[in-house]
Amino acid sequence: MAKRGITENLKLPKVYFLFFVVFFSCASLILVNYGTIRILSANRAYVNGESHYSKGQKDAVRHLTTYLYTKDEEQWISFLEEISVPKGDGLARMALIKNQSDDLVKQGLRAGRNKEEDLDDIIWLYKNFNKVSFFTKAMKEWEAGDSSIDELIQIGNEIHQKLAVSDLDAEEKQAYLLQIGDISETLTENGRNFSNALTEGSGKIKQYLVFANIFFILVIISAVSLYFSVMLKKLLESAKEIELKNKNLVLANRELDSFVYSASHDLRSPITSLKGLIEIAKEEKDPNQVRHYFGLMNQSLTMQDQFINDIIDYSRNKRKERVLEIVNFDKIVNDILLQHNYLSEAKAIQIKKNVEIDEMHTDGLRLKIILNNLVSNAIKYSDKDKNDKFIEIAAHHEDSFFKIEVKDNGIGIKKDIQAKIFEMFFGTDHNLGSGLGLYITKQAVENLKGTITVASEVKQGSTFTVIIPKYHET
Ligand code: ADP
């Protein structure tokens, strides 16, 4: 019988799948968090860049306005210096759109006074997210801002050219001032929209991040809980299995104790009686009496022989695996009857056979042990007072079972001990054997997944019925 061990019981694919889910979720969690941190940091770089862009543009407007009214060349130079900040950003934007080299983009960003450590993040965000709605919106604002900057440069150049030739009258100055003011306002609006789009985007990203974190953490918790419940179930199952094995061990130990105790006693008693008989025979002069003592010695030796045979059967039954084969039932019965023929009491018993079974698919060794013990008992416990002593061996098919009966008209068994006769070393006052025979028989029957029962009346006889399933799982 193949009892499964703990490791065999574990459904490994299921456990591996859970490990994979946990591993996958952890990896996704790390990736999602890393990606989000990078997006947020790049977003912040864009907002920083925008503040330099705005400051540059505002300072440029201030210097241009002062230049318009003072004609101070230094103010013109400062205008050019400040306007180069948003202009640089604009060049970087164009390089990004045209997919030009990162160096060119960085050159523009540096001119836009962006921090060196932010440059890679700015490029990365554009390359990966330029199709995402919030980012597209921000880029549109940037583009509009750049065209206002171009307009501002154009106006600046116009003013610079005119002032180089002559002075401007108050009306012209006022008109330029209004134009510059309009552009500045538009640029402020663009800058605000740009920052808002990015802030809105980062808010959404943070939300997605929270959802993704909650989702993956829930997946991990569920997978780990499932893993522990599977392991706990297996542990409980194996604890039960161990408990059962322990119980069986305790039983086997008890059985062994009682076996050793009884066997040592039973093995010695024929030897003791044999020794006694030899002592008496040595002194005896009468040959008839000596012959009688020899007869008694023979009986003792036969008992000893039977006892040793029983122990061999017991050991074989315990240790040998069940071997299923096709056996000829009638041949086994005939062999067993032949073996018992030499017994003096067997000669006076009529043997009847009512065998319907030809071949059986079963364990031959165990079938022999069963039939041998039942036939041997039927002979041993025959009723000496009866003249019509008989033993009937019947075997029939019964649906999915074989039904085997060994019936005798022997001395019978008292009702109150019928349940005990299958116990190890059970014996009565008229016990003629080791007390192991029926115990071994029952074990052999159970090994074949069958049952054995007895029906008996004192002085009438006994019928032992064995039921064995026809087909065994291999
Ligand atoms: P033993 O080897 O002593 O015969 P068994 O286990 O074979 O031991 O039988 C147990 C007891 O059951 C016997 O001592 C006997 O009292 C009783 N018994 C078994 N078979 C028969 C039978 N066919 N007729 C009457 N008594 C029986």
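Is phenylalanine 228 buried or exposed? Select phenylalanine 228 and you'll find it exposed, with a relative accessible area of 52% (exposed is over 50%, buried under 20%, partly exposed in between, with a 1.4 Å probe and protein chains only).

Before moving on, a word on the model. It is predicted, so to speak of local features takes pLDDT of at least 70 and side-chain atom pairs count only at pLDDT 80 or more, while totals for chains, interfaces and linings use all residues. Residues are numbered from 1 along each chain as its sequence is written, and side-chain values use heavy atoms, leaving out hydrogens and water.

Now bring up the aromatic pairs, 14 in the structure (ring centres of Phe, Tyr or the six-membered ring of Trp within 6.5 Å; planes under 30 degrees apart are stacked, over 60 edge-to-face, the rest tilted). Phenylalanine 19 and tyrosine 227 make a tilted one, 5.3 Å centre to centre with 50 degrees between the planes. That pair joins helix α2 (residues 12-70) to helix α7 (residues 170-283), with its partners 208 residues apart (helices are DSSP runs of H or I, at least four residues, numbered from the N terminus). Tyrosine 227 also pairs edge-to-face with phenylalanine 228, at 5.6 Å and 70 degrees.

Next, select Tyr46, Tyr126, Phe134, Phe135, Trp142 and Phe194: ring pairs link them into a cluster.

Then show arginine 38, whose charged end sits over the ring of tryptophan 124, 4.5 Å from its centre (the cut-off is NZ of Lys or CZ of Arg within 6 Å of the ring centre and within 35 degrees of the ring normal). Lysine 352 lies over the face of phenylalanine 390, at 4.1 Å.

Notes
Helices (H or I, at least four residues) and strands (E, at least two) are DSSP runs, numbered from the N terminus.
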